[in-house]
Amino acid sequence: MKQMKKRILYFMPDNPSAGKAGNLTRCTQMLNYLESLPDIEVDFLSIGDWGDWDKKNKTNFLKKHPNVRLHLINRKGSETNKIKQFFEYKLLNILPKLTKGTSVDITNPMLNRKVSNFIDRGNYDKVIISYASWAKVISNIRTNPYLIVDTHDFITAQSKDKTGKIGKLFLSEINILKKFDEIWTYSVEEEYIFGQFTDKKTTLIPISFPFCPTEYKKNYKYKLIFVGSLNPHNIKGIQWFEKEVLPFLEDTKIHIIGKICKVISDHPNFIKHGIVDDLEEFYQNTKVVICPMLSGTGIKIKVLEALSHSLPIVTNRRGVDGLVNKKSNGCIVESTGKGFAKAILRLLKDESFYLEKKKEAETYFLENHIFEREKEVLDNIFLGNE
C-alpha cells in the first residue's frame with residue numbers, strides 16, 4: 001500500500017521574495033529545505049494585506065518555490081464591503097487594541113478564526129508558525145497537528161525601554177509559546193529563556209549558509225562593507241557609526257548595501273549601493289565587514305553571512321548575540337567609537353592579525369553553521385520517528 005505523503009504548513013506573514021532582510025533570507029532557506037524533503041507536501045500561508053504581495057513579488061515567489069503551494073489570507077476582511085469589514089474586523093479588533101502594550105500579540109479574532117479553519121481543513125501533520133506575535137492564529141484549531149513556533153526573535157526584549165510593562169509583555173509571550181509542542185530559536189540566550197520559562201521542548205536551530213570562503217588578496221575592490229535592511233536597529237547602529245567612528249577612520253571608504261541607504265546621509269566616506277542583484281560579488285571582493293549594532297535581539301543573519309565567507313567582522317556587543325561562542329569567532333567586539341575604528345584600521349593594515357581573525361571566522365562557521373549540522377537537526381524533526 002502506498003504511503004500517504006506528510007503534509008506541512010509553514011506560516012509567515014511576510015513575503016520572503018520581497019527583499020533580503022535577515023528574516024526573509026531565513027524564510028527562503030527554510031522553504032528550500034522543506035521542498036527538498038521526500039514524500040512531503042508543503043503549503044505556505046501568508047497575510048495578503050500585510051506582506052508585500054503585489055503581483056510581481058507573488059510571481060517571484062512562485063518561480064523560486066515551484067513545489068510549494070501558496071495561500072494568502074487577508075487580516076482585515078472585505079475591502080469592498082465596508083459595513084461587513086466593520087463588523088468582521090474593526091469591531092472585533094477593539095479588545096486587542098485595548099491590550100496593546102501589555103501583550104506581544106498583534107493578531108485579531110477574525111484572522112485567528114480564518115487561519116485556524118484553514119489548518120483544520122488542511123489535515124496537516126506539522127504546522128510551523130513564525131513569530132510569537134503572530135502565534136495566536138492557532139487559537140481556534142480543532143485538529144491536532146504537531147505545532148511548532150519559529151520564534152525568530154525574543155519579542156519582549158524589543159520593548160526593554162517600557163520598564164513598567166515588561167512583566168506583562170513577557171508573561172504574554174511565554175503563555176503564547178506554551179500553546180505549542182515545540183519552540184524553535186536561533187539564539188543560545190533565547191534557548192535558555194524559552195526552555196526555562198515554558199517547560200516545552202526548545203530546539204536551537206543552527207542557521208546554516210553555504211560555505212563560500214574568500215581568498216586573501218593584496219588589494220581589495222571594497223575594503224569595508226555594511227549590509228543592512230531598513231529597521232530601527234540598523235538605523236541606530238549606522239548613525240552611531242557615522243558620529244562616533246568615522247572621525248577616526250581618516251579617508252577609509254565604507255560601501256553600504258541594502259535598503260538602509262534610504263536613510264543614510266551623504267558623506268564622502270559613504271558609498272551607497274542600495275539593493276544589489278549580486279551580494280556575493282561584494283562579499284567575495286571585500287576585506288572587512290562592519291556591523292554596528294547597539295540594540296536588537298537574537299542572532300544577526302548578516303553576521304553569519306559574513307562568517308560564511310570567512311570575513312572578519314567589527315561589531316558591538318549586540319552583534320554577537322545568539323552566537324554559541326562569544327570569542328575566537330572572527331568577530332571583534334568594541335563598545336567605543338575610537339576602539340571600533342582602531343579595530344578596523346588594524347584589520348586593514350596588519351596582515352598577520354587579519355589572517356588570524358579570518359581563520360577564526362572560518363573555524364567558527366565550519367564548527368557551528370554548515371548545512372549538514374542544521375540538516376541533521378531538521379531531519380530529526382521532520383523525518384525522524386514521531
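**Reading aromatic pairs**

Analyst: F211 is partly exposed, with a relative accessible area of 30%. Please bear in mind that this is a predicted model.

User: By what is a pair of aromatic rings described?

Analyst: A pair of aromatic rings is described by the distance between the centres and the angle between the planes. In this structure, the count comes to 19 aromatic pairs. For F44 and W53, the ring centres lie 6.5 Å apart and the planes meet at 55°, so the pair is tilted; planes must be over 60 degrees apart to count as edge-to-face.

User: Are F44 and W53 buried or exposed?

Analyst: Both F44 and W53 are buried. Ring pairs also join F44 and W53 with Y10 and F61 in a cluster.

User: How are the rings of F211 and F365 arranged?

Analyst: The centres of F211 and F365 are 5.8 Å apart and their planes are at 20°, so this pair is stacked, since planes under 30 degrees apart count as such. The pair links distant parts of the chain, 154 residues apart: F211 belongs to the loop between strand 7 (201-204) and strand 8 (222-227), and F365 to helix 12 (residues 351-368). F365 is buried, with a relative accessible area of 0%, whereas F211 is partly exposed.

User: Which charged ends sit over the rings of Y354 and F353?

Analyst: Over the ring of Y354 sits the charged end of K287, 5.0 Å from the ring centre. The charged end of R346 sits over the ring of F353, 3.7 Å from its centre.

Conventions
Residues are numbered from 1 along each chain as its sequence is written. This is a predicted model: local features need pLDDT of at least 70, side-chain atom pairs count only at pLDDT 80 or more; totals for chains, interfaces and linings use all residues. Side-chain values use heavy atoms; hydrogens and water are left out. Rings of Phe, Tyr and Trp (its six-membered ring) pair if their centres lie within 6.5 Å; planes under 30 degrees apart count as stacked, over 60 as edge-to-face and the rest as tilted. Buried means under 20% relative accessible area, exposed over 50%, partly exposed in between (1.4 Å probe, protein chains only). Helices (H or I, at least four residues) and strands (E, at least two) are DSSP runs, numbered from the N terminus. A charge sits over a ring if NZ of Lys or CZ of Arg is within 6 Å of the ring centre and within 35 degrees of the ring normal.
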